[in-house]
Amino acid sequence: MMDWAETVRTAIAALNARRMRSLLTMLGILIGIAAVMLTVGLGQGAQAQITEQINSLGSNLIIVTPSQTTSSGGFRGGGGSASTLTTQDAALLANTAVAPDVAAVAPTSSVSGSLQSSDSTWTSTVVGTVPDWQSVRARTLASGRFFTQSEVDSSAAVAVIGSETATELFTTGSPIGQTITINGQSFTIIGVLDSAGSSLSTDEDDTVVVPITTYAAQLSTSDNTNSVSSIYVEGRDADSLSAAYQEVKTALLTAHQVTSDDADFSVSTQASLVETATSVTGVLTLLLGGVAAISLLVGGIGVMNIMLVSVSERVREIGLRKALGATPSVIRRQFLVEAGILGMLGGLIGIALGFIGAAILTPVLGMTVLISAPATMIALVVSLGIGIGAGVYPASRAAKLAPIDALRSE
Amino acid sequence: MTHMLKMTGVRKTYSTGVVQVDALRGINLDVLAGDYVAIMGPSGSGKSTLMHIIGCLDVPTAGTYELDGTDVSSMTEKELAEVRNQKIGFVFQAFNLLSSLSALRNVELPLVYAGTPAAERRERAMAALTKVGLADRVQHRPGELSGGQQQRVSVARALVTDPALILADEPTGNLDSHSTAEILDLFDELNAAGRTIVMITHEADVAAHATSPWHIYDGQLRDEPIGAGAAK
């Protein structure tokens, strides 16, 4: 029996003898593999960024947001877009008797505000909240201080601004102690936040944080000054997070006198947010990857086509090899190995192209293209599999050739 | 003397669509070890079919065929491949060398399929090429060799497995008279050294080198030519 090394050597010699054709055949697999790697890499990159962004919101975070009921009961009281969450809800959740696993609660409302400093004007998101916001959102201060509970109680006109906002508003000097106007109301800046460190979005760094009472009195556009747009809740620790989640949900259901089927709010954890975002990008990745995979299939058909041509061109060679003692299975293996090598070489070059493409696309698109080691391995195995799969039919045709017919053809 | 080849009542019938062609109609042929047999016949006489069956490239429809003591008449394709590999050395009219391989690699081919280790393969192929006088041409590709040299490479390839039988199908059909003489001398030498040779040809002067000439007409063997045929 012919050994493997000799089989591979013969296959490489045969492919090398038709170099241009082998290269063109590989091109189909090559482009397919590169396309699949790039689309999947883009999807995985987007997923990693979203996950990182959600995780940068804080730790052990539970987010309560208002939602419209989906039950067939029709409209709820208050109607329209009015928030169903209030500062009373936040106070309820802060009560340790009600929710013992909750460490801190930060109700927030936000509005777009036009800012004016002595230097320039700028538009940013203005958030009204409480001092606990800082710990719940895991934010630190670059300079100055955060506002206190007593400033909340007294509706003080003080503001803490994001690092991005600070650079936009003040070209020189420290912003601390400066006065800005927000939608025409004067505020004194008492602190500047550190950058949130999220690479994708600078929203977290372009913000103005003011006491929720001041926000309600001077900036809110809502009729109900008690309403808030969301409530951030920090769990005591990672282990009791699901307990905290249940407590929050139960407390609000009871307070709002609704069942979980027609709840007018939704409670999500970071994990559930990551899951939702991941499932969306996952579907997108699958879709794009699927389109790319079709090109891989076309590449496989190309390999099959060329292998069939190759078999009919080499009828005499096959006949001679059979006359000299090659059994049908040896001939079959010979062509399978040839097709496999075509597939695998195409895959290898495709992977290299994928890496180059990722290096080029990352700065161009401003998105991370994440090509993982498992994805690379899978790509290699798939390209080898496609090559061999495409070789099965041509190889069995070659194996079935009768030696006399093969020798006769001239 | 031992029988190298023994055919009894071998028939071969082809059915091409509706027509049935009796290519061989009862061939009885005994070849002893060390014989040099020539089989002559015009085209359409069945000599190619006979060559295919002798060469184990095809199996007879009826009758028995023993090669070197083994009945090969009802073997599977895989078994036939092994018999061809071990017992028969082919020399074809068109040389049938692989153009992309060197002379040495061409001669090694039967040993590759026999599973011979690479070092031994090389050694035996070198020895066979030396025997046919091409020791200085081993790295040449067929395209770089003359017709006579190419045919000598294929004789070396036929010898390399030390087969029971050398089967030559019109070995001089593509050669000029000088190369023809060279190849026929080579066959004479091999036969003198004890090789069994069966040669298919339509040229009488080529067949004259053989110790026992046979004639095939309409699928049957005769020891005399008929009509104003090819032989004297």
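Predicted model: local features only at pLDDT ≥ 70, side-chain atom pairs only at ≥ 80, totals over all residues.
Residues are numbered from 1 along each chain as its sequence is written, and chains are lettered from A and ligands numbered from 1 in the order in which they are written.

Along the principal axes, the C-alpha atoms of chain B fill a box of roughly 50 × 40 × 40 Å. Of its 232 residues, 48% count as buried, a residue being buried if 20 or more other C-beta atoms, placed from the backbone, lie within 10 Å of its own. Among the contacts in chain B with a separation of 6 or more, 70% come from residues 24 or more positions apart, where a contact requires C-beta atoms, placed from the backbone, within 7 Å.

Chain B holds seven helices and ten strands, which are DSSP runs numbered from the N terminus (helices H or I, at least four residues; strands E, at least two). Six strands make up an open sheet of mixed pairing, in the order S6-S7-S8-S3-S9-S10 (chain B), with two strands said to pair if DSSP finds at least two bridges between them. Strand S6 (88–91) and strand S10 (220–222) of chain B are the edge strands, each pairing on one side only. Within chain B, strand S3 (residues 36–40) and strand S8 (residues 197–201) pair in the parallel sense over five bridges, and Ile39(B) stands opposite Ile200(B) in S8(B).

The contact between the chains takes 19 residues from chain B and 18 residues from chain A. On the side of chain B that touches chain A, helix H2 (77–87) and helix H3 (103–114) of chain B each supply at least two residues, and H2(B) gives the most, with six residues.

In chain A, helix H11 (residues 328–365) has 38 residues and reaches 53 Å from its first C-alpha to its last, close to the 56 Å expected at 1.5 Å a residue; the expected span is 1.5 Å times one less than the number of residues. Just after H11(A), Gly366(A) takes a positive phi of about 70 degrees.

Terms used: Contact = placed C-beta atoms within 7 Å. Buried ≥ 20, exposed ≤ 12 C-beta atoms within 10 Å, placed from the backbone.
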